[in-house]
Amino acid sequence: RVHAASDGCCELLSEALNVLAYPAFQSVHASLLSSMLTMARQKELLTRRDVQRLLRSRLPPVTETHNKVCKTYHGVWITFFRESWMAGAPLETAAEIRATMKLSDKSPLAKDDVAKLGVN
């Protein structure tokens with residue numbers, strides 16, 4: 001339904017994100033978001049700037065506790081970047097990705113993450 005509505009897609013996507021944020025989905029929230037991002041119908045939407053802005057503002061952040069990166073939403077962001085790039089969305093700068101993913105010399109991307117992102 002989100003795909004079919006070109007004018008109201010951000011509103012519908014926002015409502016879907018609201019539903020996924022209900023406490024009942026807390027234990028599977030990250031996997032639901034990742035699944036949503038990889039749906040075939042999302043590909044076209046991921047190239048749109050308004051959809052990109054909405055997702056960037058609504059996807060839960062990668063957080064740090066005691067100088068360690070919490071991996072709960074790390075995979076969601078890896079999926080977001082990969083699916084966006086595969087759909088043809090403009091690439092973010094390395095600095096934006098480092099900031100979003102909380103990457104540093106002490107906490108770089110793992111080899112698995114690099115493989116998931118793909119080569120580019």
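Modeller: Leaving aside neighbours within four places in sequence, Leu-59 is in contact with Leu-33, Leu-37, Val-76, Trp-77 and Phe-80. Some ground rules: this is a predicted model, where local features need pLDDT of at least 70 and side-chain atom pairs count only at pLDDT 80 or more, while totals for chains, interfaces and linings use all residues. Residues are numbered from 1 along each chain as its sequence is written, and side-chain values use heavy atoms, with hydrogens and water left out.

Colleague: How many helices and strands are there in the chain?

Modeller: The chain has 7 helices and 2 strands, in the pattern α-α-α-α-β-β-α-α-α along the sequence. Both kinds are DSSP runs, numbered from the N terminus: helices are H or I with at least four residues, strands are E with at least two.

Colleague: Why is the pair of Trp-77 and Phe-80 called edge-to-face?

Modeller: Rings of Phe, Tyr and Trp (its six-membered ring) pair if their centres lie within 6.5 Å; planes under 30 degrees apart count as stacked, over 60 as edge-to-face and the rest as tilted. The rule gives 4 aromatic pairs. For Trp-77 and Phe-80 the centres are 5.4 Å apart and the planes at 80 degrees, so the pair is edge-to-face. Both residues lie in helix H5 (residues 74–87), 3 residues apart, about one turn of the helix.

Colleague: And what makes Phe-81 and Trp-85 a stacked pair?

Modeller: Their rings are 5.8 Å centre to centre with 25 degrees between the planes, which counts as stacked. Phe-81 and Trp-85 are 4 residues apart in H5, about one helical turn. Trp-77, Phe-80, Phe-81 and Trp-85 form one aromatic cluster.

Colleague: How do you know whether Phe-81 is buried or exposed?

Modeller: Buried means under 20% relative accessible area, exposed over 50%, partly exposed in between (1.4 Å probe, protein chains only). Phe-81 has 1%, so Phe-81 is buried. Trp-85 has 21%, so Trp-85 is partly exposed. Trp-77 and Phe-80 are both buried.

Colleague: Which residues touch the most other members of the largest nonpolar core?

Modeller: Leu-33, Leu-55, Leu-59 and Trp-77, out of 26 residues. Such a core is a set of buried Ala, Val, Leu, Ile, Met, Phe, Trp, Tyr and Cys residues joined through side-chain atoms within 4.5 Å. Helices H1 (9–20), H2 (29–38), H4 (49–58), H5 and H6 (94–101) each supply at least two of its residues.

Terms used. Contact means heavy atoms within 4.5 Å.
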